[in-house]
Amino acid sequence: MLSVHLICVGKLKEKFYQAAVEEYTKRLAGYCKLELVELAECRLPQNPSPGEISAALEKEGAAIRAKLPQSSTLVAMCVEGKEKSSEELARLVLDFEQSSSKHLVFVIGGSYGIHPSIKAEAQVRLSMSPMTFPHHLARVMVLEQIYRAFKINEGSSYHK
């Protein structure tokens with residue numbers, strides 16, 4: 001069974017997001033070993049300087065790196081990543097299942113994104129859309145798409 005990790009910067013506080021995450025966690029239990037990791041987002045002033053943002057991203061990047069399991073394939077969710085259809089993501093998940101990689105790791109950054117070094121290390125950089133979404137909603141969307149990928153790969157009608 002594939003081990004899927006979702007590393008997220010920022011605490012999920014809203015109950016409606018928590019409920020959605022719990023639902024997809026439950027649904028995914030039959031398809032993969034899912035591990036959710038929440039990392040603290042660095043606190044920044046109201047109008048942070050580029051240097052303050054860079055320092056925060058570096059600190060968050062180090063925290064992400066510390067949680068990466070060995071033998072993992074890293075997927076960075078970032079605006080400059082490539083957009084993929086649900087079917088393309090399903091093929092990607094299937095390829096990972098059949099590879100020697102033991103862990104498929106999705107990373108969602110905080111309000112200011114992901115440190116460039118994490119993006120550079122990622123084997124895949126994905127973008128959900130050119131639109132901007134709250135990173136807490138992105139967590140739910142990524143879990144839903146991972147679930148959808150497994151359903152597509154099993155030939156289920158869920159995807160329709």
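This tour visits a few charged side chains one after another and says what to select at each stop.

The structure is a predicted model, in which local features need pLDDT of at least 70 and side-chain atom pairs count only at pLDDT 80 or more, while totals for chains, interfaces and linings use all residues. Residues are numbered from 1 along each chain as its sequence is written, and side-chain values use heavy atoms, with hydrogens and water left out.

Side chains of opposite charge can pair when their charged atoms come close. Such a pair is called a salt bridge here when a side-chain nitrogen of Lys or Arg lies within 4 Å of a carboxyl oxygen of Asp or Glu. Across the whole structure, a search finds seven salt bridges.

Begin by selecting E38 and R139, which form a salt bridge whose closest N and O atoms are 2.8 Å apart. This pair links distant parts of the chain, since E38 sits in strand β2 (residues 32-39) and R139 in helix α5 (residues 135-154), 101 residues apart. Helices (H or I, at least four residues) and strands (E, at least two) are DSSP runs, numbered from the N terminus. Now colour the two by accessibility, where buried means under 20% relative accessible area, exposed over 50%, and partly exposed in between, for a 1.4 Å probe and protein chains only. With a relative accessible area of 32%, E38 is partly exposed, whereas R139, at 4%, counts as buried.

Next, select R65 and E121, whose side chains meet in a salt bridge with an N to O distance of 2.8 Å. Here too distant parts of the chain are linked, with R65 in helix α2 (residues 50-67) and E121 in helix α4 (residues 116-121), 56 residues apart. Both partners are partly exposed, R65 at a relative accessible area of 33% and E121 at 38%.

Then move to E154 and K151, which also meet in a salt bridge (2.8 Å, N to O). These two both lie in helix α5, three residues apart, which is about one turn of the helix. E154 is partly exposed at 45% relative accessibility, but K151 is buried at 12%.

Finish with E144, which lies in helix α5 and is buried at 11% relative accessibility. Apart from neighbours within four places in sequence, E144 is in contact (heavy atoms within 4.5 Å) with Y24 and Y158.
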